[in-house]
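User: I'd like to learn how to read the features of a helical model. Can you walk me through it?

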Amino acid sequence: MNRRWVLIGLFVLQGLCALFFVTEIVLTVIGARTAPISWHIRELLELGAVVGLVLGVILGGVALQQAVRARKDAEASLRGVQSAFREHLEATFVAWALTPAERDVALFTIKGMSIQEIAGLRNTSEGTVKAQSNAIYRKAGVSGRAQLLSLFLEDLLAEETDI
């Protein structure tokens with residue numbers, strides 16, 4: 001949360017610095033200077049605005065680099081989870097003694113595809129897919145698609161317990 005406020009503060013600082021330069025240009029173009037200020041103060045204001053903008057660019061780059069790193073870490077973590085889930089699926093399919101065709105049907109079923117979609121992908125009849133689905137449910141000890149999915153959801157959502 002603290003980092004968020006730093007980024008917000010940085011954004012505001014950059015906005016104020018940019019506003020300073022834009023205001024200076026607009027006032028010069030329309031000739032609307034009201035009261036002249038000493039060149040020392042003007043130079044200090046411009047120097048402060050430049051430092052603020054440069055600081056914003058540097059810290060913005062750091063924040064971008066951290067965001068890219070965090071994204072890469074999240075993607076790597078997701079690949080690890082996907083790999084572990086795939087291994088879990090395969091181990092479960094082996095334990096159930098599914099045939100290669102049944103494995104395909106089970107995977108497509110878990111992905112949420114309909115009987116018609118699975119039949120189309122596998123170039124088989126809907127009756128064949130239904131028969132394979134029934135064999136999968138029998139081997140898994142469930143009565144249908146929802147219970148099959150719930151087996152894997154339970155595994156994903158299971159909390160570690162210290163026994």
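Analyst: Let's start with burial: in H2, the buried residues are Ala49, Gly52, Gly56, Ala63, Leu89, Thr92 and Phe93. Buried means under 20% relative accessible area, exposed over 50%, and partly exposed in between (1.4 Å probe, protein chains only). Helices are DSSP runs of H or I with at least four residues, numbered from the N terminus. This is a predicted model, where local features need pLDDT of at least 70 and side-chain atom pairs pLDDT 80 or more, while totals for chains, interfaces and linings use all residues. Residues are numbered from 1 along each chain as its sequence is written, and side-chain values use heavy atoms, without hydrogens and water.

User: What do the buried residues of H2 pack against?

Analyst: Contact means heavy atoms within 4.5 Å. Here the buried residues of H2 pack against helix H1 (2-30), helix H3 (100-110) and helix H6 (145-157).

User: Which residues make the nonpolar surface patch?

Analyst: Patches take residues with over 30% relative accessible area and no salt bridge; like charges are joined within 9 Å, and nonpolar side chains (Val, Leu, Ile, Met, Phe, Trp, Tyr) within 5 Å. Areas come from the Shrake-Rupley method with a 1.4 Å probe, and for residues only the protein chains shown count as cover. Leu13, Val50, Val54, Leu55, Ile58, Leu59 and Val62 make a patch of about 520 Å², with H2 giving the largest share, six residues.

User: How many salt bridges are there?

Analyst: A salt bridge is a side-chain nitrogen of Lys or Arg within 4 Å of a carboxyl oxygen of Asp or Glu. That rule gives five. In one of them, Glu75 pairs with Arg71, with the closest N and O atoms 3.0 Å apart. The two sit four residues apart in H2, so about one helical turn separates them. Arg71 counts as exposed because its relative accessibility is 58%, while Glu75, at 33%, counts as partly exposed.

User: Which salt bridge links distant parts of the chain?

Analyst: Arg122 and Asp104 meet at 3.8 Å, N to O. Arg122 is in helix H4 (residues 115-122) and Asp104 in helix H3, 18 residues apart.

User: Is Glu102 buried or exposed?

Analyst: Glu102 has 8% relative accessibility, so it counts as buried. Beyond its neighbours within four places in sequence, Glu102 is in contact with Ala97, Gln132, Ala135, Ile136 and Lys139.
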